[in-house]
Amino acid sequence: MSAKALLATLLLSATSAWQAPQQVNHQVSDNARRSLLVNAPIFALSSFATVSNASTDTSNLKFTTSPTGLQYADVKEGPSSTPSPSDGQSVSIDYVMSTTGARYGSKIYSTVDAGAPYRWKLGDGSTIPGLEEAVKGMNPGGIRRVIIPSKLAYQSASSTPISIIQECESGKGLGPIPPVETAVGEFQRFKNIYCNPDRQYQPDLVMDVKLYGKRN
């Protein structure tokens with residue numbers, strides 16, 4: 001299996017479990033979905049290529065909760081000889097973005113499917129705080145699963161100024177956001193969940209992230 005195909009199926013085993021019946025208590029259903037997604041089998045990866053054809057037992061993933069509420073577990077640690085990035089440095093990642101707030105499938109968008117890594121400069125204000133925090137704790141070459149609460153992501157649209165909601169609805173604002181022009185369906189899915197002023201809460205964001213080293 002190619003590296004691209006492998007990453008594209010990273011969360012596939014979780015997707016079928018999301019065909020859940022409607023629930024009255026949305027927070028309870030979100031928590032149940034998060035448990036299914038976080039504990040879904042994850043493949044042993046190296047540069048998004050398989051190390052072993054067998055899926056990794058998720059009980060081996062050790063999740064840590066930071067003081068801000070970010071949860072993360074390293075699937076593969078990058079070499080310590082390459083330092084973690086810091087504010088002012090440009091970084092490049094591939095990611096699979098999923099949500100705990102959708103009844104019909106968890107996956108929203110994958111840069112690997114699109115063949116377009118996400119790039120930005122740490123601390124420039126363009127990216128959600130939870131992803132910045134996660135990347136700053138990684139070494140290039142590492143792969144990390146992170147659970148980002150709304151306060152470290154896109155915040156609740158119901159309590160956000162209308163100008164910020166409009167930016168989100170047009171594909172602007174804090175990234176990462178699926179590109180409007182080339183990922184129409186994925187962007188619509190993202191917008192319905194994270195740019196929706198009628199939604200009273202925002203579900204956790206779950207991301208599998210690979211950090212790259214310096215690129216020319």
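Buried means a relative accessible area under 20%, exposed means over 50%, and partly exposed lies in between, as judged with a 1.4 Å probe on protein chains only. The model shown is predicted, so that local features need a pLDDT of at least 70 and side-chain atom pairs count only at pLDDT 80 or more, while totals for chains, interfaces and linings use all residues. Residues are numbered from 1 along each chain as its sequence is written, and side-chain values use heavy atoms, with hydrogens and water left out.

**View 1. Lysine 136 in helix H5.** Lysine 136 lies in helix H5, where helices (H or I, at least four residues) and strands (E, at least two) are DSSP runs numbered from the N terminus. With a relative accessible area of 32%, lysine 136 is partly exposed. Setting aside residues up to four places away in sequence, lysine 136 touches Ser84, Pro85, Asp87 and Leu122, a contact being heavy atoms within 4.5 Å. Lysine 136 and valine 91 are 45 residues apart in sequence, and their C-alpha atoms are 9.8 Å apart in space.

**View 2. Strand S8 and its two partners.** Six of the six residues of strand S8 (residues 143-148) are buried, so the strand is largely enclosed by the rest of the structure. Ile143, Arg145 and Ile147 point one way from S8, whereas Arg144, Val146 and Ile148 point the other way, and all are buried. S8 pairs in the antiparallel sense with strand S4 (residues 71-76) over five bridges, and in the antiparallel sense with strand S9 (residues 205-211) over six bridges; two strands count as paired if DSSP finds at least two bridges between them. Which residue of S8 is the bridge partner of glutamine 71? That partner is isoleucine 147, and isoleucine 147 also stands opposite valine 206 in S9.

**View 3. Aromatic pairs.** A search of the whole structure finds six aromatic pairs, where rings of Phe, Tyr and Trp (its six-membered ring) pair if their centres lie within 6.5 Å, and planes under 30 degrees apart count as stacked, over 60 as edge-to-face and the rest as tilted. The rings of tyrosine 95 and tyrosine 109 have centres 6.1 Å apart and planes at 55 degrees, so this pair is tilted. The pair links distant parts of the chain, with tyrosine 95 in strand S5 (residues 90-99) and tyrosine 109 in strand S6 (residues 107-110), 14 residues apart. Tyrosine 95 counts as buried at 1% relative accessibility, and tyrosine 109 counts as buried at 7%. Phenylalanine 190 and tyrosine 194 form another tilted pair, 5.5 Å from centre to centre with 35 degrees between the planes. Ring pairs also link Tyr95, Tyr109, Tyr118 and Trp120 into a cluster.

**View 4. The buried side of helix H7.** Phe187, Phe190, Ile193 and Tyr194 are the buried residues of H7. They cover an arc of only 130 degrees around the axis, which puts them on the same side of H7; the arc is that of the directions from the helix axis to the C-beta atoms. Within this helix, phenylalanine 190 and tyrosine 194 lie four residues apart, about one turn of the helix. Phenylalanine 190 is buried at 0% relative accessibility, and tyrosine 194 is buried with a relative accessible area of 2%. What covers the buried residues of H7 includes S5, S6, H6 and S9.

**View 5. The largest nonpolar core.** The largest nonpolar core has 32 residues, and those with the most contacts inside it are Ile93, Leu131, Ile148, Tyr154, Phe190 and Met207; such a core is a set of buried Ala, Val, Leu, Ile, Met, Phe, Trp, Tyr and Cys residues joined through side-chain atoms within 4.5 Å. At least two residues of this core come from each of S5, S6, strand S7 (118-121), helix H5 (129-136), S8, H7 and S9. Not counting residues up to four places away in sequence, methionine 207 touches residues including Tyr95, Leu131, Ile148 and Pro176.

View 6. The peptide bond from glycine 175 to proline 176 is cis, with omega near 0 degrees, and proline 176 is found in the loop between helix H6 (162-169) and helix H7 (184-194).
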